[in-house]
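Please examine the model shown below together with its sequence.

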Amino acid sequence: MVRKRLSTEAYSDMRGLDVAEDPQLVATLARGLQVLECLKHRNHQFMGNKEISEITGLSRPTVSRITYTLSRFGYIKYVASLSKYTLGSSILAAAYPVIANMKIRQIARPLMQELANEVGGVVSLGLRHGTQMLFVESCASATSVTPVVAGIGARIPLLVTAMGRAYLCGLSGLEREQLISQLEQSRQFNKLELESNFSEALKQFDKWGFCLAKKGLVKETRSLGVPLLAKINDESFAFNCGIPIFRLSPNQLENEIGPRLLNLVRSVEKSIGIS
């Protein structure tokens, strides 16, 4: 029987990488990772082989073999009462050393918590995960009423959020071009949207040293982002600070909160020895 060839769209993982066109990738491993990405991206916690097959474009027999293998190694878990899979403990075990060994988290957290408490908001640290930003630390004020407090591992869009825009502006020219190309290939935005969002972010960064989230992105909260201006172990980071609108006076975000977050990031850079 001839195996059904996956379409480019179906066989593109959720980070804008076209698996089918890269001959260096191991196809079986790529399919397994594609299933994991699928499980990570769903809004609900449990998925069956049929649903995974429909989302990934992989055949049911292929998905069945992959989920069986992943479950044997603990990366996903079969829930018999639902006849569905969910992520397993091996995912957490694999991720823990990554988080634990991030020196920047230990250095930045006290400063982040202090700022969050003083401004009554949430201060977060993140890095890029494909075409999204991935939170690796987040500190909320004890009195924070911010509608959404993203925890470690949460992901947000890159191009329209304060953290993502700051990250983009902090890259070198070549790295920016490569990331914008990847965003374009992901088909999340058309070329005009990409250009207008990036242009707006770059103007803000050149003017203030920080970026604001796209206007109206979250109605109840305003946020700004600042990039770390040097890499750590070849990884780029960005910070953001989100504050409920009712706590902000006119222009306070630009005139007060932004400079304070800038000072925080410069302090972190100095402590790490990259200033």
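Lys 231 is partly exposed, with a relative accessible area of 36%; buried stands for under 20% relative accessible area, exposed for over 50%, and partly exposed for what lies in between, with a 1.4 Å probe and protein chains only. The model is a predicted one, in which local features need pLDDT of at least 70 and side-chain atom pairs count only at pLDDT 80 or more, while totals for chains, interfaces and linings use all residues. Residues are numbered from 1 along each chain as its sequence is written, and side-chain values use heavy atoms, with hydrogens and water left out.

Lys 231 forms a salt bridge with Glu 175, the closest N and O atoms being 2.3 Å apart. This pair links distant parts of the chain, 56 residues apart: Lys 231 belongs to the loop between E7 and E8, and Glu 175 to helix H7 (residues 173-185). The term salt bridge denotes a side-chain nitrogen of Lys or Arg within 4 Å of a carboxyl oxygen of Asp or Glu. Helices (H or I, at least four residues) and strands (E, at least two) are DSSP runs, numbered from the N terminus. Glu 175 counts as partly exposed, at 22% relative accessibility. Lys 231 also meets the side chain of Asp 234 in a salt bridge, at 4.0 Å from N to O. Asp 234, at 66% relative accessibility, counts as exposed.

How many salt bridges does the rule give? The count comes to nine. One of them joins Glu 118 and Arg 260, whose closest N and O atoms are 2.0 Å apart. Here too distant parts of the chain are linked, with Glu 118 in helix H5 (residues 103-119) and Arg 260 in helix H9 (residues 252-272), 142 residues apart. Glu 118 is partly exposed at 45% relative accessible area, and Arg 260 is partly exposed at 29%. In general, side chains of opposite charge can pair when their charged atoms come close.

The next subject is the sheet. Six strands form an open sheet in the order E5-E4-E3-E8-E7-E6, with antiparallel pairing. Strand E5 (155-157) and strand E6 (211-212) stand at the edges, each with a single partner strand, so one side of each is left without a neighbour in the sheet. Two strands are taken to pair if DSSP finds at least two bridges between them.

Why is strand E8 described as largely enclosed by the rest of the structure? Eight of the eight residues of E8 (residues 237-244) are buried, so the strand is largely enclosed. Both of its faces are covered, with Phe 237, Phe 239, Cys 241 and Ile 243 buried on one side and Ala 238, Asn 240, Gly 242 and Pro 244 buried on the other. Asn 240, in strand E8, is buried with a relative accessible area of 11%. Leaving aside residues up to four places away in sequence, Asn 240 touches Val 122, Val 123, Ser 124, Phe 135, Met 163, Leu 224, Gly 225 and Leu 261, where contact means heavy atoms within 4.5 Å.

Met 163 is also one of the buried residues of helix H6. Helix H6 (residues 162-170) is mostly covered, eight of its nine residues being buried. H6 and H7 pack at an angle of about 135°, with their axes 8 Å apart. That angle makes H6 oblique to H7. Tyr 167, Leu 168 and Cys 169 in H6 meet Arg 176, Leu 179 and Ile 180 in H7.

Conventions
Axes are lines fitted to C-alpha atoms, for helices over the stretch in contact, and angles run from 0 to 180 degrees between N-to-C directions. Angles under 35 degrees count as roughly parallel, over 145 as roughly antiparallel, 65 to 115 as roughly perpendicular and the rest as oblique.
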